[in-house]
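Me: I'd like to learn how to read features off a model like this. Could you walk me through a few?

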Amino acid sequence: MTINKTQNGSELTIALEGRLDTTTAPQLDEEIKSSLDGVDKLVFDMTKLEYISSAGLRVLLSAQKIMNKQGSMVVKNVSDEINEIFEVTGFIDILTVE
Amino acid sequence: MKELKIKASIENLERVIAFVDEELENNDCPIKLQMQIDVAVEEIFVNIASYAYQPGEGDATISIDIIKDPSRVEITFIDSGIAYNPLEKEDPDVTLSAEERQIGGLGIFMVKKSMDDMIYNYSNGQNILKIIKNL
(Lines give C-alpha, C1' and ligand atoms only; values in the text may rest on other atoms or scores of the structure.)
Protein backbone atom coordinates (compact mmCIF):
# COMPACT_ATOMS: atom_id res chain seq x y z
CA MET A 1 0.00 0.00 0.00
CA THR A 2 1.15 3.53 -0.76
CA ILE A 3 0.28 6.37 1.64
CA ASN A 4 0.52 9.92 0.29
CA LYS A 5 0.16 12.78 2.75
CA THR A 6 -0.55 16.38 1.80
CA GLN A 7 -0.70 19.01 4.51
CA ASN A 8 -2.41 22.31 3.88
CA GLY A 9 -2.35 24.37 7.06
CA SER A 10 -4.31 22.40 9.62
CA GLU A 11 -5.89 20.18 6.97
CA LEU A 12 -4.25 16.84 6.26
CA THR A 13 -5.16 14.71 3.25
CA ILE A 14 -4.10 11.09 3.20
CA ALA A 15 -4.41 9.40 -0.19
CA LEU A 16 -4.39 5.61 -0.05
CA GLU A 17 -3.37 3.37 -2.90
CA GLY A 18 -3.55 -0.42 -3.01
CA ARG A 19 -4.72 -2.78 -0.28
CA LEU A 20 -5.53 -1.82 3.30
CA ASP A 21 -5.36 -5.21 5.00
CA THR A 22 -3.95 -6.97 8.08
CA THR A 23 -0.38 -6.54 6.86
CA THR A 24 -0.59 -2.89 5.78
CA ALA A 25 -3.01 -1.46 8.37
CA PRO A 26 -0.37 -1.06 11.15
CA GLN A 27 1.70 1.11 8.77
CA LEU A 28 -1.26 3.46 8.20
CA ASP A 29 -2.09 3.50 11.91
CA GLU A 30 1.44 4.69 12.71
CA GLU A 31 1.39 7.30 9.95
CA ILE A 32 -1.89 8.71 11.26
CA LYS A 33 -0.93 8.76 14.91
CA SER A 34 2.32 10.56 14.18
CA SER A 35 0.70 13.16 11.91
CA LEU A 36 -2.40 14.41 13.71
CA ASP A 37 -0.85 17.02 16.01
CA GLY A 38 -2.55 20.32 15.22
CA VAL A 39 -4.73 18.82 12.48
CA ASP A 40 -8.39 19.84 12.63
CA LYS A 41 -9.51 18.36 9.33
CA LEU A 42 -8.46 14.92 8.15
CA VAL A 43 -9.39 13.78 4.65
CA PHE A 44 -8.94 10.25 3.32
CA ASP A 45 -8.83 10.08 -0.46
CA MET A 46 -9.74 6.51 -1.45
CA THR A 47 -9.67 6.96 -5.23
CA LYS A 48 -6.96 4.33 -5.61
CA LEU A 49 -7.82 2.12 -2.66
CA GLU A 50 -8.67 -1.31 -4.04
CA TYR A 51 -9.43 -3.29 -0.93
CA ILE A 52 -10.23 -2.98 2.76
CA SER A 53 -10.64 -5.63 5.46
CA SER A 54 -11.60 -5.35 9.13
CA ALA A 55 -8.01 -4.42 10.03
CA GLY A 56 -8.36 -1.34 7.82
CA LEU A 57 -11.75 -0.49 9.29
CA ARG A 58 -10.23 -0.55 12.77
CA VAL A 59 -7.64 2.04 11.72
CA LEU A 60 -10.36 4.28 10.28
CA LEU A 61 -12.39 3.91 13.48
CA SER A 62 -9.46 4.87 15.63
CA ALA A 63 -8.72 7.90 13.40
CA GLN A 64 -12.39 8.93 13.59
CA LYS A 65 -12.29 8.76 17.40
CA ILE A 66 -9.23 11.02 17.51
CA MET A 67 -10.77 13.50 15.03
CA ASN A 68 -14.07 13.58 16.95
CA LYS A 69 -12.05 15.22 19.73
CA GLN A 70 -10.02 17.67 17.66
CA GLY A 71 -11.96 18.46 14.49
CA SER A 72 -13.51 16.54 11.64
CA MET A 73 -12.76 13.67 9.30
CA VAL A 74 -14.03 13.01 5.79
CA VAL A 75 -13.66 9.98 3.52
CA LYS A 76 -13.75 10.74 -0.21
CA ASN A 77 -13.91 8.91 -3.55
CA VAL A 78 -14.96 5.54 -2.18
CA SER A 79 -15.53 2.72 -4.69
CA ASP A 80 -18.86 0.86 -4.75
CA GLU A 81 -17.21 -2.26 -3.36
CA ILE A 82 -15.71 -0.45 -0.38
CA ASN A 83 -18.89 1.54 0.17
CA GLU A 84 -20.79 -1.73 0.46
CA ILE A 85 -18.39 -2.84 3.21
CA PHE A 86 -19.03 0.47 5.00
CA GLU A 87 -22.77 -0.21 4.75
CA VAL A 88 -22.68 -3.80 5.99
CA THR A 89 -20.53 -2.89 8.99
CA GLY A 90 -22.42 0.27 9.93
CA PHE A 91 -19.34 2.36 9.18
CA ILE A 92 -21.45 4.37 6.78
CA ASP A 93 -23.04 5.99 9.88
CA ILE A 94 -19.75 6.45 11.75
CA LEU A 95 -17.75 7.96 8.90
CA THR A 96 -18.58 11.02 6.84
CA VAL A 97 -18.43 9.65 3.30
CA GLU A 98 -18.48 12.27 0.55
CA MET B 1 -9.81 -28.53 -6.52
CA LYS B 2 -6.58 -26.79 -5.49
CA GLU B 3 -5.03 -27.04 -2.06
CA LEU B 4 -2.41 -25.06 -0.16
CA LYS B 5 -0.86 -26.21 3.12
CA ILE B 6 0.98 -23.42 4.82
CA LYS B 7 2.20 -22.27 8.23
CA ALA B 8 -0.62 -20.33 9.87
CA SER B 9 1.13 -16.99 10.31
CA ILE B 10 0.17 -13.49 9.26
CA GLU B 11 3.27 -13.13 7.08
CA ASN B 12 1.77 -15.84 4.84
CA LEU B 13 -1.45 -13.88 4.26
CA GLU B 14 -0.23 -12.53 0.93
CA ARG B 15 0.54 -16.04 -0.35
CA VAL B 16 -2.86 -17.31 0.73
CA ILE B 17 -4.67 -14.43 -1.03
CA ALA B 18 -2.53 -14.94 -4.16
CA PHE B 19 -3.41 -18.66 -4.17
CA VAL B 20 -7.14 -17.92 -3.97
CA ASP B 21 -6.99 -15.05 -6.48
CA GLU B 22 -5.24 -17.18 -9.07
CA GLU B 23 -8.10 -19.67 -9.02
CA LEU B 24 -10.75 -16.96 -9.07
CA GLU B 25 -9.08 -15.14 -11.96
CA ASN B 26 -8.70 -18.37 -13.94
CA ASN B 27 -12.45 -18.77 -13.64
CA ASP B 28 -13.35 -15.17 -14.57
CA CYS B 29 -14.75 -14.35 -11.16
CA PRO B 30 -16.20 -10.80 -11.19
CA ILE B 31 -13.92 -8.31 -9.42
CA LYS B 32 -16.55 -7.36 -6.83
CA LEU B 33 -17.03 -10.97 -5.75
CA GLN B 34 -13.27 -11.47 -5.73
CA MET B 35 -12.89 -8.65 -3.24
CA GLN B 36 -15.61 -10.08 -0.98
CA ILE B 37 -14.01 -13.52 -1.15
CA ASP B 38 -10.54 -12.05 -0.45
CA VAL B 39 -11.89 -10.27 2.62
CA ALA B 40 -13.49 -13.50 3.87
CA VAL B 41 -10.28 -15.46 3.30
CA GLU B 42 -8.19 -12.79 5.04
CA GLU B 43 -10.47 -12.62 8.09
CA ILE B 44 -10.55 -16.40 8.54
CA PHE B 45 -6.84 -17.01 7.88
CA VAL B 46 -5.81 -14.15 10.18
CA ASN B 47 -8.06 -15.60 12.90
CA ILE B 48 -6.38 -18.99 12.56
CA ALA B 49 -2.91 -17.39 12.49
CA SER B 50 -3.69 -15.26 15.56
CA TYR B 51 -5.52 -17.70 17.82
CA ALA B 52 -5.57 -21.35 16.73
CA TYR B 53 -2.14 -22.39 17.97
CA GLN B 54 -1.41 -19.81 20.65
CA PRO B 55 1.21 -19.72 22.06
CA GLY B 56 2.74 -22.20 19.58
CA GLU B 57 2.46 -22.51 15.85
CA GLY B 58 0.96 -24.87 13.28
CA ASP B 59 -0.33 -25.26 9.77
CA ALA B 60 -3.50 -24.36 7.95
CA THR B 61 -4.76 -26.09 4.84
CA ILE B 62 -6.81 -24.01 2.42
CA SER B 63 -8.61 -25.61 -0.49
CA ILE B 64 -10.62 -23.93 -3.20
CA ASP B 65 -13.13 -25.58 -5.44
CA ILE B 66 -15.03 -23.86 -8.22
CA ILE B 67 -18.21 -25.74 -8.92
CA LYS B 68 -20.63 -25.43 -11.83
CA ASP B 69 -24.39 -25.78 -11.68
CA PRO B 70 -25.16 -23.88 -9.61
CA SER B 71 -22.02 -21.87 -10.12
CA ARG B 72 -20.25 -21.28 -6.82
CA VAL B 73 -16.89 -21.23 -5.08
CA GLU B 74 -16.24 -23.28 -1.97
CA ILE B 75 -13.20 -22.55 0.18
CA THR B 76 -12.32 -24.81 3.10
CA PHE B 77 -9.95 -23.96 5.96
CA ILE B 78 -8.58 -26.75 8.13
CA ASP B 79 -6.41 -26.32 11.21
CA SER B 80 -5.48 -28.55 14.13
CA GLY B 81 -5.56 -25.82 16.74
CA ILE B 82 -7.94 -25.31 19.64
CA ALA B 83 -11.59 -26.00 18.82
CA TYR B 84 -13.27 -22.77 17.79
CA ASN B 85 -16.56 -22.27 16.01
CA PRO B 86 -16.63 -18.73 14.62
CA LEU B 87 -20.34 -19.06 13.81
CA GLU B 88 -21.10 -19.03 17.53
CA LYS B 89 -19.43 -15.67 17.97
CA GLU B 90 -21.95 -12.98 18.80
CA ASP B 91 -22.40 -10.34 16.09
CA PRO B 92 -21.17 -6.83 16.92
CA ASP B 93 -23.78 -4.07 17.25
CA VAL B 94 -23.26 -2.16 14.00
CA THR B 95 -25.58 0.66 15.05
CA LEU B 96 -23.27 2.00 17.79
CA SER B 97 -21.42 5.30 17.45
CA ALA B 98 -17.66 5.55 16.99
CA GLU B 99 -17.15 6.12 20.72
CA GLU B 100 -19.20 3.08 21.70
CA ARG B 101 -17.72 0.75 19.12
CA GLN B 102 -15.43 -2.01 20.29
CA ILE B 103 -12.27 -2.58 18.32
CA GLY B 104 -12.63 -6.07 16.92
CA GLY B 105 -15.38 -8.60 16.28
CA LEU B 106 -16.01 -7.18 12.83
CA GLY B 107 -14.04 -9.67 10.76
CA ILE B 108 -16.20 -12.77 11.12
CA PHE B 109 -19.32 -10.61 10.91
CA MET B 110 -18.16 -9.34 7.51
CA VAL B 111 -17.64 -12.93 6.37
CA LYS B 112 -21.13 -13.95 7.53
CA LYS B 113 -22.69 -11.02 5.73
CA SER B 114 -20.85 -11.41 2.44
CA MET B 115 -20.83 -15.20 1.96
CA ASP B 116 -23.88 -17.25 0.98
CA ASP B 117 -23.14 -20.03 3.44
CA MET B 118 -20.66 -20.98 6.17
CA ILE B 119 -20.35 -24.49 7.60
CA TYR B 120 -18.27 -25.42 10.62
CA ASN B 121 -17.31 -28.89 11.77
CA TYR B 122 -14.89 -30.14 14.39
CA SER B 123 -13.64 -33.61 13.67
CA ASN B 124 -10.52 -35.67 14.46
CA GLY B 125 -9.03 -32.73 16.32
CA GLN B 126 -9.48 -30.40 13.36
CA ASN B 127 -11.46 -27.22 12.84
CA ILE B 128 -13.04 -27.42 9.37
CA LEU B 129 -14.66 -24.23 8.16
CA LYS B 130 -16.18 -24.01 4.69
CA ILE B 131 -17.38 -20.80 3.09
CA ILE B 132 -19.55 -20.81 -0.02
CA LYS B 133 -20.13 -17.94 -2.39
CA ASN B 134 -22.49 -18.17 -5.35
CA LEU B 135 -20.97 -16.86 -8.56
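This is a predicted model: local features need pLDDT of at least 70, side-chain atom pairs count only at pLDDT 80 or more; totals for chains, interfaces and linings use all residues.

Me: What does the cut-off look like, and where does Asp21(B) lie?

Reply: A residue is buried at 20 or more such neighbours and exposed at 12 or fewer, with partly exposed in between. Asp21(B) is in helix H1 of chain B. If you skip residues up to four places away in sequence, Asp21(B) touches Gln34(B) and Asp38(B). As for Asn85(B), 64 residues separate it from Asp21(B) in sequence, and the C-alpha to C-alpha distance is 25 Å.

Me: Let me try Ser9(B). Is it buried or partly exposed?

Reply: Ser9(B) has 17 other C-beta atoms within 10 Å, so it is partly exposed. Ser9(B) sits in the loop between strand E1 (2-7) and H1 of chain B. Leaving out neighbours within four places in sequence, its contacts are Ala49(B) and Glu57(B). Glu23(B) is 14 residues from Ser9(B) in sequence and 22 Å away in space, C-alpha to C-alpha.

Me: Over to chain A. How do I read a sheet, and in what order do its strands come?

Reply: Follow the pairing from strand to strand. In chain A, four strands make an open sheet, ordered E1-E2-E3-E4, with mixed pairing. Strand E1 (2-8) and E4 of chain A are at the edges with a single partner strand each, so one side of each has no neighbour in the sheet. On average, neighbouring strands here are turned by 15° against each other, direction ignored.

Me: And which residues are on the covered face of E4 in chain A?

Reply: The general idea first: in a regular strand, side chains alternate between the two faces of the sheet. In strand E4 (residues 72-76) of chain A, Met73(A) and Val75(A) make up the covered face, while Ser72(A), Val74(A) and Lys76(A) are on the uncovered one.

Me: How many bridges join E3 of chain A to E4(A)?

Reply: Five, and strand E3 (residues 41-52) of chain A runs parallel to E4(A). To get from E3(A) to E4(A), the chain passes through helix H2 (residues 54-70) of chain A, in a right-handed β-α-β crossover.

Me: Now a helix. Which residues of H1 in chain A are buried?

Reply: For helix H1 (residues 25-33) of chain A, they are Ala25(A), Leu28(A) and Ile32(A). Look down the axis of H1(A) and these buried residues fall within an arc of 60°, so they line one face of the helix. The face turned away from that buried side carries the exposed Pro26(A) and Glu30(A). Among the elements covering the buried residues of H1(A) are E1, strand E2 (11-20) and H2 of chain A.

Notes:
Residues are numbered from 1 along each chain as its sequence is written. Chains are lettered from A and ligands numbered from 1 in the order in which they are written. Helices (H or I, at least four residues) and strands (E, at least two) are DSSP runs, numbered from the N terminus. Two strands pair if DSSP finds at least two bridges between them. A crossover is right-handed if, with the strands pointing away from the viewer, the path from the first strand over the helix to the second runs clockwise. Axes are lines fitted to C-alpha atoms, for helices over the stretch in contact, and angles run from 0 to 180 degrees between N-to-C directions. The arc is that of the directions from the helix axis to the C-beta atoms. Two residues are in contact if their C-beta atoms, placed from the backbone, lie within 7 Å.
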